[in-house]
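Subject: Structure handover

Hi,

Here is the structure I promised to pass on.

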Amino acid sequence: VERCPFLVLQTQGETVAGKEMSVTVEFTNPLKQTLENVTLRLEGPGVLRTMKKEFRQIPMNSTLIWEVKCMPKRPGLRKLIASLNCDALRHVYGELNVQIQKP
C-alpha cells in the first residue's frame, strides 16, 4: 500500500514566549524517483512568519531536514503547519500543536 507521505514537525529547545526556539521539518521521499523543484512552506501564526524554502532535488528514499529559528511572541497554544509541493507530489502536509509558555 502506498501510504501518503507526510511531514514531521518537531521543536527543539524551550517553547517560551520571547525566547528563541527552533522548528525542524523532516521529509522522506517515498517515491521511486527523484523529486524536482520542491517547495517547502512553514507557517505558524504567533510563532513565526511564513517561510518558504526551495529544494532543487530530493533523491528517492532520501530525507531532508529543514531547521528554522524563531521567537514566539505570545504564550498560548499555537499550530505549526508545513506543506510541500512539487510536480510529482501535491499537498503533503504536517502539523504540530505547540504550547508556548509564559516567560
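How many residues lie between β3 and β4 in their hairpin, and which residue in the turn has a positive phi? There are three residues between the two strands, and G46 is the one, with a phi of about 85 degrees. Before you read on, keep in mind that this is a predicted model.

**Strand pairing**

A82 is partnered with G94 in β7. This is a hairpin too, with six residues between the strands, and H91 takes a positive phi near 55 degrees.

**The core**

The largest nonpolar core has 29 residues, and L7, F27 and L42 have the most contacts inside it. β2 (21-28), β3, β4, β5 (63-70), β6 and β7 (92-100) each supply at least two of its residues. As a general point, nonpolar side chains tend to be buried together in soluble globular proteins.

Leaving aside residues up to four places away in sequence, L42 touches L9, V23, V25, L48, R49, T50, M51, W66, V68, I81 and A82.

**Salt bridges**

Searching the whole structure turns up five salt bridges. Among them is R41 with E43, at 3.2 Å from N to O. R41 counts as partly exposed because its relative accessibility is 30%, and E43 counts as partly exposed at 25%.

Another joins K69 and E67 at 3.3 Å, N to O. K69 has 48% relative accessibility, so it counts as partly exposed; E67 is partly exposed as well, at 46%.

D87 and R90 also meet in a salt bridge, at 3.7 Å from N to O. Both of these residues are exposed.

**What the record says**

UniProt lists residues 9-101 as "domain: Transglutaminase C-terminal", in an unreviewed entry. Over that stretch the chain is 0% helix and 65% strand, with the end C-alpha atoms 19 Å apart.

Cheers

Methods
Residues are numbered from 1 along each chain as its sequence is written. This is a predicted model: local features need pLDDT of at least 70, side-chain atom pairs count only at pLDDT 80 or more; totals for chains, interfaces and linings use all residues. Side-chain values use heavy atoms; hydrogens and water are left out. Two strands pair if DSSP finds at least two bridges between them. Helices (H or I, at least four residues) and strands (E, at least two) are DSSP runs, numbered from the N terminus. A nonpolar core is a set of buried Ala, Val, Leu, Ile, Met, Phe, Trp, Tyr and Cys residues joined through side-chain atoms within 4.5 Å. Buried means under 20% relative accessible area, exposed over 50%, partly exposed in between (1.4 Å probe, protein chains only). Contact means heavy atoms within 4.5 Å. UniProt positions are given in the numbering used here, feature names are shortened, and annotations may be inferred rather than shown by experiment. A salt bridge is a side-chain nitrogen of Lys or Arg within 4 Å of a carboxyl oxygen of Asp or Glu.
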